[in-house]
Each structure stands twice: as structure tokens, then as C-alpha cells.
Amino acid sequence: MLSTLRIRQIGVIDDAMLEFGPGFTALTGETGAGKTMIVTGLTMLLGDRLDRGRTRGSSTVDGTLALAGHEELSTSLDELGAEEDDGEVLVVRRVTRDGRSRAQIGGVPVPIGTLARLVGTAVTVHGQADQQRLRDLDAQREALDRFADAEIGPLLTRHREIWRERAALTERVAELDGLLAERDRRGTALREALERIEATAPQVGEDDALRTELERLGNAEELRGGATQAALALVGDDDGPAAGSLLDVASESLGRAARTDPTLTPLVERLDAARIELSDVSGELTRYAEDIDASPGRLDEVGERLHELTVLVRDLGTLLPGPDGPAEDVTALLETSRGAAVDLDRFEGAEQERATAATRLQAVQDELEETADALTAARTAAAERLAAAVQEELRHLEMPDAALRVDVSQRSHRSHGRDAVAILLAPHPGADPLPVAQAASGGELSRVMLALEVALASSRSDRTAAPVFVFDEIDAGIGGRAALAVGQRLAQLARHAQVIVVTHLPQVAAHAGTHLQIVKSSTDGATSSTVETLERAGRIRELARMLAGDDASDLALAHAEELLEAASSVPAGRPSPRGAAG
């Protein structure tokens, strides 16, 4: 339910606050008073653009929306982090002087599209040129589905589930077909490559280690001589001095001095450590010299192994490329081979998975066809009931001779089934049934739309989240008994929903439970409007003005009071006890 609406700086409205009733609210006023600006403000809350010709600067619309029963909307707002106040949320739309648009829901800034999507679940605006339910085939199908939600809803939900499963299975079968084609193209080559790698058994970094060893073996004599000479220089032999013997002399001399001056003891200890380290280095050099294998056999062995690994990388590097291109060494080749092993594992199970998926796809396709047939049957049966319900409403709306039909026909299969739904109208006996938007005049189209809304609202089993309907001069082009009938059916609709109507007909306004008047005033050549909530006396004067153009005529006032009394005797202007619009 829309509780309040505040409009600032739109058209002739400087600042107006509207408080709506829970059932039927009528908005009336003189021509040019700004009734259209009220609807403009409401559509701004639904994300519509503001015509720059209707603003004198920055324009703002604030709406308070009650959330009772709107669980989906409440969940979405909770996910946004929107703030609620006693079960209501404040929706703000602002258009700045430079034309930029801003929107907030519960204090949270949101894109205009999000505003339209969320608020649009609760508020529906019908303008004179905006009767999409009667023009769009998808909207007509959705209307039929809502009318018979108990029968169609579960089938439609199941059909969409199966549709999504079929789409997923179709995509998976295509992926597996591609995988099997890749297996046929690359599988043998990958398997042979991995078998060759396994037979060669390279180790990470092995080729680099072999190159280092090969370099060492090619210079074995020189390396052995260098290591031996260095070892002799460190520990010497009986024929000459060496670093070790000199360290012995230094250590002995410093040891004698330390016995006299203990402060030298640490230096003696360091010399001893150096002697030990020097001895260890000499020993390692000797072992290095002894271990160098200069035999031609080892040299050939290393060369052959390195050649084997080089050929392996050359042959398989392009077959098993990595993210940076072909592998250039053993380490990179081993890394890319892991990906090939994963591909082979995928290939191994692809054929069986493809068979399983194809079998399930056929079963899902059969189930989809059965569910689509059931949907068609349910819609066909519901179409007859909807046509009868709308036909009955048209009788109440002074169109007793109109014949309305809801056709269900076949079209290409989609997520909602195979059905196209079209509302056809023969406005008078002998006329051919045509799409309702073509067959009906402006006034008739408005009444057909109202009849459809009343029929849909009356069929709703859940009244806790009834929608908000805004009608912008739905009574245009009609008068007399038809106008009175429209007022009565709007009141009937208000038993199941909140109805806000901009009207120029007193027969319609008289049926409202809440009456708001847009009042125009002029000061210093400037015109502005405000909104007043009318009590009984004020309503009688406004209805008199609408009837006769004179709110002071005794005859007009008497006629207005009579009209209000007659409308009040129809107990439909307030919401039913089962629940107001909310």
C-alpha cells in the first residue's frame, strides 16, 4: 500500500503532501490544477523520466510504501540494506537542475532500473496511452497465468525448471561432443607423449645439471690440478711452506703471550678455529680432485643422456605447450605434461558421461513436452473462465453486448511453454472479434482494462499483498451510466487492492473512500497548486463543481449529495475485512 506521496517542484505543484486511503482514493480538481503532475510524480517512483518542461529546477518525489505481505520486496530491500520504519520504507526520487537523476530506497542509493524493478512489483500505473495489458501478448499471457495461478502456477514453475535443465544438458552434451572430438584428434598423441616421458623418466632440472656436469668433465684435468695445488698451498708438504704451518707458528706464539696476558685468549681461540677450517677446506679440495671422473665413458654417458632429454623437449614441447608457449626445458615439459594427463582423464570419462547426459536429455525433452501440453490444457480451461469473468464485468460496465474471448494458440516453445494468449473483442453484435486494442474505442478500452483488473484481483487467493493500481483518467471518453458503472467497478476493485484514480467525473469520484482535491491558486501572475483531503462537506462542494461547474448552486449541491449517498450505499469503497491493499 502507498501511504503518502510528497511532490516538490513539478509543474504547478510547489510542495504537496498526499495521504492515500487503503481502498479507493479519488483525485479531482479543475483543469490545469495539476492532476497530471500527481501521476507524473507517481511514475517517477517507478523509474520514469521527468519531462524537463515540467520542472522549474530540482524536482523531488517521496513515497512511503507499506511492506505488509510483500515478502519478495521485503527480502530484496533487506539484501540492499534498506531501512524500514514500522513496516514502511521511504522511496525518494530526485531530478537535479542539470537533469541528473538520483534514487534512494530506505536511505540506500540505487540505480533507476533497480528502483523501477522493486517498486514496480507493488505499484501499477495505467495511463490513457499505457494500457499494456491489452496490447502486449506476453502481458496477456501473464494475466491469464495470474488469474488461474492455483492451476497454472505449479505447472509453469515445473516447466521453467525443466527448461533450465534441458538448456544445461544441451550445453553439456555439446561440451562433451567437443571433448570427444578433441580426444579423437589429440588423445593418441597425448597418450604416446606421456608414455614417452614416462619411459625417459626425466627429473626436474636434470638437463641443467647434466650441462653443468658435462662442462666439468670437459675440463677435468685443469680442475683437478687447480684443486690439488690449492690443497697443497693450505696444508703443504715436506718440501715447502704452507698456510697451515704458518698458522701453527702464529697460534703457538700467540698462545705463549696469552699466558702472560689473558686478554689475548680470544684471539688464540679464533686462530685455532681458523686452523680447523683451513684443514677442512684442504680435505674437501683433495676429495674433489680425487672424485673428478675424467674417463671417456662418463663423458659419453652424460652427453648421451643430455641429448636424449634435449630431443624429448624438442619433440614434445610444441605438443604439450604451456601458457607461455612450447616448453624449452625438462622442468617446463614436466609441468605441461600434468595438464595433458588431466585432459586424458577427462577424455576417459567423456564417452560414458555423454551417453548418460544424452539419455537424460531425451527424458527431459519428453517431460518438457508433457508439461507444455499440461500448461496448454490448463491455460485453455482458464481462458474460458477469464473470458466469462471479464464478460461479466463488462456487463456491469455498460458493455452488455460486447463479446470477449481469450484465445490460446501455439507458438515456438519458450521457457513459459508453447502458448500465445490473445484477448479478442467484438464490441457489438455482428462485429468480428479483433485484438482488443484494435477493436475497442478509447472509452471501451479503458473499461475492458478495468474489467480485466477487477477479474484478476477478484481471483487472487492471497489478499495480504494486494497491488496498488493508479488510473490516470480511466474514465476519459465515457459518461452517464457508463461513468457510474466505472465508479462502482473501481470500488469493487478496491476491495482487493489499493486504487488511486485521477478523474474528472463525479460519478467515479463519489465512490471513493478517500477524496483528494488538487486546488489551484494564483498570486502575482504565478499559478501553484496544493492538495487537500476532503471531508463530507468538502466532497459535496467538489462533486457539485464537477457536476455543474458551480459549487454554490443549491441544485448542484443537492444533486452532489444525492450522488454521494447513492455511492455510499454500495459497500465497496473500503477494503474487505480479509485485508486491505498492502
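**Figure 1. A charge over a ring.** A charge is said to sit over a ring if NZ of Lys or CZ of Arg is within 6 Å of the ring centre and within 35 degrees of the ring normal. In this predicted model, the charged end of R166 meets that rule above the ring of W163, at 4.6 Å from its centre. Local features need pLDDT of at least 70, side-chain atom pairs count only at pLDDT 80 or more, and totals for chains, interfaces and linings use all residues. Residues are numbered from 1 along each chain as its sequence is written, and side-chain values use heavy atoms, with hydrogens and water left out.

Figure 2. A cavity is a set of points, on a 1 Å grid over the protein atoms alone, where a 1.4 Å probe fits but cannot get out; its lining residues have an atom within 4 Å of a point. A volume is the space filled by probe spheres set on the points, which are joined across faces, edges and corners. At least two lining residues come from each of helix 1 (35-45) and strand 4 (59-66).

**Figure 3. The second largest cavity.** This cavity has a volume of about 30 Å³. L65, L73, L77, V89, V91, I105, L118 and V119 form its lining. Helix 2 (71-80), strand 5 (88-95) and helix 3 (112-119) each give two or more of these residues. Helices (H or I, at least four residues) and strands (E, at least two) are DSSP runs, numbered from the N terminus.

**Figure 4. Confidence along the chain.** The predictor's confidence in each residue is pLDDT, from 0 to 100. The protein chain has a mean pLDDT of 83, and 91% of its residues reach 70 or more.

Key: On a 1 Å grid over the protein atoms alone, a cavity is a set of points where a 1.4 Å probe fits but cannot get out, and a pocket is an open set with protein on both sides within 12 Å along at least five of seven lines; lining residues have an atom within 4 Å of a point.
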